[in-house]
Each structure stands twice: as structure tokens, then as C-alpha cells.
Amino acid sequence: MYTLYFMPGACSLAVQVVLRELKQKFTLINKLHTENFTAINPLGNVPALVTQDKVLTEGAAIMLHLIQSHPSSFWSSDPKEQQQTIEDLMLANATMHPAYGRLFFATHNIESVSEREHFLKKAAEQISLVWQSVGMRLESRAHLGPFLGGQQPSVADIFLTVYASWGAHFFVDIQIPDNVQQMLDRVRERDSFKAAVSAEQSN
Ligand SMILES: N[C@@H](CCC(=O)N[C@@H](CS)C(=O)NCC(=O)O)C(=O)O
């Protein structure tokens with residue numbers, strides 16, 4: 001049994017989707033309704049996952065903990081495939097997530113409209129470049145299936161689907177290749193994803 005601290009639409013949504021895919025029981029707690037959340041995570045960030053004996057933070061570490069603890073297609077026994085899973089996960093969490101993070105940061109911290117617009121445009125170009133790289137990875141593995149994970153989504157596919165929705169908050173031009181768009185749509189169509197979105201709305 002887990003407890004997942006989340007914020008609606010944040011990267012914690014991907015962790016909830018994976019908990020559902022792994023058929024794990026969990027309680028959801030909205031960070032925004034939690035007094036003194038910094039006692040849980042001093043940085044104030046979600047996701048934070050409470051396990052039987054500790055609090056885990058950092059999305060990538062939480063994902064690795066979950067997929068290594070509960071056998072499924074997310075984590076192969078083949079070391080080469082494990083390496084690929086980790087690399088894809090880091091592309092999502094350590095490269096794409098901060099790329100989108102710049103949009104939020106600039107919107108809240110750059111006062112001059114012209115400077116902000118310039119920064120946002122450059123940040124969007126960078127994000128499009130990362131999507132291009134995701135598209136190339138998908139293309140090189142198209143014979144294996146529609147996801148980075150092959151026939152089944154990987155944790156990276158799920159993280160990327162959550163990040164992709166953040167672009168709608170900004171007036172920027174983010175280019176997402178068609179094969180990536182198809183992968184994102186497939187993840188969004190999964191019962192786990194739909195149930196996770198709806199659970200956030202009722203919490
Ligand atoms: N490196 C952290 C970053 C987590 C992060 O930035 N979370 C955002 C939501 S996606 C957050 O909680 N921001 C604090 C806030 O908006 O109050 C991770 O990957 O878990």
C-alpha cells in the first residue's frame with residue numbers, strides 16, 4: 001500500500017498511472033490540501049511516494065523503485081533493455097521535464113514582456129528539439145511497437161505524455177512529430193491514464 005502526494009496535472013500523474021498499470025493499491029493526497037508538505041519533501045515538490053518504510057522523492061527514482069519492485073513489462077530481465085529503459089526515463093525526466101520547466105519559470109519570473117516572449121520562444125525551440133529526438137528513437141524502434149517500450153508503454157512514454165499536456169498553458173509553438181503524437185494518444189487512451197486523470201479531479 002502506497003501514499004502518493006500529487007498536484008493536478010503535475011508529473012506525479014505519471015506515477016499514479018504506473019501504480020495503476022502495476023495494479024498497486026494507493027491513497028492519493030493533494031499536496032495543495034496538505035499542511036506542512038515540506039515535512040514530507042523539504043523541496044516542496046511532487047511526486048512524493050510513501051512506502052511501508054520510507055518517503056521516496058524524485059520522479060525517476062520513484063519510477064525505478066516501482067518497476068523494480070513489481071514484475072511487469074516495464075522492467076526487463078535483460079541488462080541491455082534495462083539500460084534502454086533507464087536512458088529513456090532520463091531523457092524524459094532529466095531532459096524534457098526541465099525543458100518544460102523553463103516555460104513555467106519564465107512565465108512567473110521574467111517581468112519584461114519582450115524578454116519573456118523571447119525566452120519562451122527559445123525554450124519552446126529547445127523542447128521541440130527534444131521531441132524530435134523522441135521521434136527518432138520511436139522511429140528506430142518502430143519494428144518493435146508504437147511505444148519507446150515496444151508493444152507496451154515504458155515509464156518514459158507515460159512521463160512524456162504528462163509533460164506534453166503542459167504546452168497548452170503557454171502561447172508557444174512546440175513541434176511534436178506525428179509518430180510521437182500517435183504514441184501520446186495511445187497512452188492517453190489507456191484505462192490507467194483515464195482513471196488517473198479522473199482520480200485527480202475528485203481529490
Ligand atoms: N526533480 C523533481 C522535480 C519535480 C517537480 O518539479 N515537480 C513539480 C511539479 S511537476 C512541483 O512539485 N513543483 C512545485 C510546485 O509547483 O509547487 C522530480 O523529477 O521529481
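Which residues in α6 and α7 meet? Val 187, Arg 188 and Glu 189 are the ones in α6, and they meet Asp 191, Phe 193 and Lys 194 in α7. Please keep in mind that this is a predicted model.

## Where α6 meets α7

Let us stay with this pair for a moment. The axes of α6 and helix α7, which covers residues 191-201, come within 4 Å and cross at roughly 65°. Angles of 65 to 115 degrees count as roughly perpendicular, and α6 and α7 are therefore roughly perpendicular to each other. Sorted by class, the contact of α6 with α7 holds two nonpolar and four charged residues, with no polar ones.

## Where α4 meets α6

Helix α6 (residues 178-189) also has a contact with helix α4, which spans residues 113-140. Here the axes come within 8 Å and cross at roughly 80°, which means that α4 is roughly perpendicular to α6.

On the α4 side, the contact is made by Trp 131, Val 134, Gly 135, Leu 138 and Glu 139. Asn 179, Val 180, Met 183 and Leu 184 supply the α6 side. The residues of this contact of α4 with α6 comprise six nonpolar, two polar and one charged.

Now for the wider view. The chain is divided into domain 1, made of 2-73 + 191-201, and domain 2, made of 79-189. Taken over C-alpha atoms, the centres of domain 1 and domain 2 are separated by 20 Å. The contact draws 16 residues from domain 1 and 17 residues from domain 2.

How much area do domain 1 and domain 2 bury between them? The value is about 1,400 Å², with 78% of it on carbon and sulfur atoms. In domain 1, the residues that lose the most area to domain 2 are Cys 11, Ala 60 and Phe 193, together 36% of what that side buries. Phe 193 is also one of the α7 residues that meet α6.

Side chains of opposite charge can pair when their charged atoms come close.

Finally, have a look at the loop between β2 (26-30) and β3 (48-50), where Pro 47 is found. The peptide bond from Val 46 to Pro 47 is cis, and its omega is near 0°.

Asn 36 lies in the loop between β2 and β3 as well. Its phi is near 60°, a positive value in a residue other than glycine.

Terms used:
Residues are numbered from 1 along each chain as its sequence is written. This is a predicted model: local features need pLDDT of at least 70, side-chain atom pairs count only at pLDDT 80 or more; totals for chains, interfaces and linings use all residues. Side-chain values use heavy atoms; hydrogens and water are left out. Axes are lines fitted to C-alpha atoms, for helices over the stretch in contact, and angles run from 0 to 180 degrees between N-to-C directions. Helices (H or I, at least four residues) and strands (E, at least two) are DSSP runs, numbered from the N terminus. Angles under 35 degrees count as roughly parallel, over 145 as roughly antiparallel, 65 to 115 as roughly perpendicular and the rest as oblique. Contact means heavy atoms within 4.5 Å. Ala, Val, Leu, Ile, Met, Phe, Trp, Tyr, Cys and Pro count as nonpolar, Asp, Glu, Lys and Arg as charged, and the others, Gly among them, as polar. Domain bounds come from an automatic or database domain assignment. Buried area is the accessible area (1.4 Å probe) that two parts lose on being put together, summed over both.
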